[in-house]
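Hi everyone, thanks for making time. I'd like to walk you through a structure that may be new to you, so please bring it up on your screens.

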Amino acid sequence: MNQEDDLPTDEEELIELAKKIIKAMTNNPKFSNLPVSVSEMQESLDKLIKTREAEAAICEEQKRVKKKLQAAWEDVCSAQQRIRAYNRKHGIRDNSTNLLASGMPGLANRVFSQLPDQDDTLQIPKKDKNTD
């Protein structure tokens, strides 16, 4: 609660307090000429609840889209891994005419290089989550 005016700062507490006020003041003759009508408070409460629900739906959609993005990222990495395996199988190495002809010369040193002591697997990197 906010010490200055004793109103909650937590959304759940604020909603529960609004519900109690609305219930206690609805059709109560002790509270006439309020600066905010009970119906106005109910409208404000309904808007808050609806907006929170919309926010929750957006967050769920964002999670779903991030999963799809990660899957697409992994698909592209997997395709590059299969191309790398194909190139190795056919003896295509860095700076060879065939690799350069593939249109991917910029990837030659990073994706298709292999030192003699490396195994032939390429790990699929996870997308950097800090750039979301």
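Let's start with a word we need: a helix here is a DSSP run of H or I with at least four residues, a strand is a run of E with at least two, and both are numbered from the N terminus. Please keep in mind that this is a predicted model. With those terms, the protein has four helices and zero strands. Read from the N terminus, the order of elements is α-α-α-α. The protein has 132 residues, and 14% of them count as buried. If you take contacts between residues at least 6 apart in sequence, 55% of them join residues at least 24 apart.

Now let's look at helix H2, which runs over 38-89. How far apart are its end C-alpha atoms? They are 76 Å apart, and this agrees with expectation, because 52 residues at 1.5 Å a residue should span 76 Å. Several residues of H2 are buried, among them Val 38 and Leu 45, but also Gln 70, Ser 78, Arg 84 and Asn 87. Just past the end of H2 you will find Gly 91, with a positive phi of about 70°.

Next, how does H1 sit against H2? In general, two packed helices are described by the angle between their axes and the distance between the axes. Here the axes of H1 and H2 come within 10 Å and cross at roughly 150°. Angles over 145 degrees count as roughly antiparallel, so that is the word for H1 and H2. The crossing of H1 past H2 is left-handed. On the H1 side, the residues that meet H2 include Glu 11, Leu 14, Lys 19 and Met 25. Their partners in H2 include Gln 42, Leu 48, Ile 49 and Arg 52.

Which residues make up the largest nonpolar core? There are five: Ile 15, Ala 18, Ile 22, Val 38 and Leu 45. Both H1, at 11-25, and H2 supply at least two residues each. H1 gives the most, with three. As background, nonpolar side chains tend to be buried together in soluble globular proteins.

Let me pick out two of these core members. Ile 22, if we set aside neighbours within four places in sequence, is in contact with Val 38, Met 41, Gln 42 and Leu 45. The C-alpha atoms of Ala 18 and Leu 45 are separated by 7.0 Å, though the two residues are 27 apart along the chain. Is Ala 18 buried or exposed? It counts as buried because its relative accessibility is 13%, and the cut-off for buried is under 20%.

Compare Ala 24, also found in H1. Ala 24 has 46% relative accessibility, so it counts as partly exposed. From Ala 24 to Val 38, 14 residues on in sequence, the C-alpha to C-alpha distance is 9.7 Å.

Asn 27 counts as exposed at 76% relative accessibility, and Asn 33 is exposed at 77%.

Methods
Residues are numbered from 1 along each chain as its sequence is written. This is a predicted model: local features need pLDDT of at least 70, side-chain atom pairs count only at pLDDT 80 or more; totals for chains, interfaces and linings use all residues. Side-chain values use heavy atoms; hydrogens and water are left out. A nonpolar core is a set of buried Ala, Val, Leu, Ile, Met, Phe, Trp, Tyr and Cys residues joined through side-chain atoms within 4.5 Å. Buried means under 20% relative accessible area, exposed over 50%, partly exposed in between (1.4 Å probe, protein chains only). Contact means heavy atoms within 4.5 Å. The expected span of a helix is 1.5 Å times one less than its number of residues. Axes are lines fitted to C-alpha atoms, for helices over the stretch in contact, and angles run from 0 to 180 degrees between N-to-C directions. Angles under 35 degrees count as roughly parallel, over 145 as roughly antiparallel, 65 to 115 as roughly perpendicular and the rest as oblique. A crossing is left-handed if the near helix is turned anticlockwise from the far one by less than a right angle, and right-handed if clockwise.
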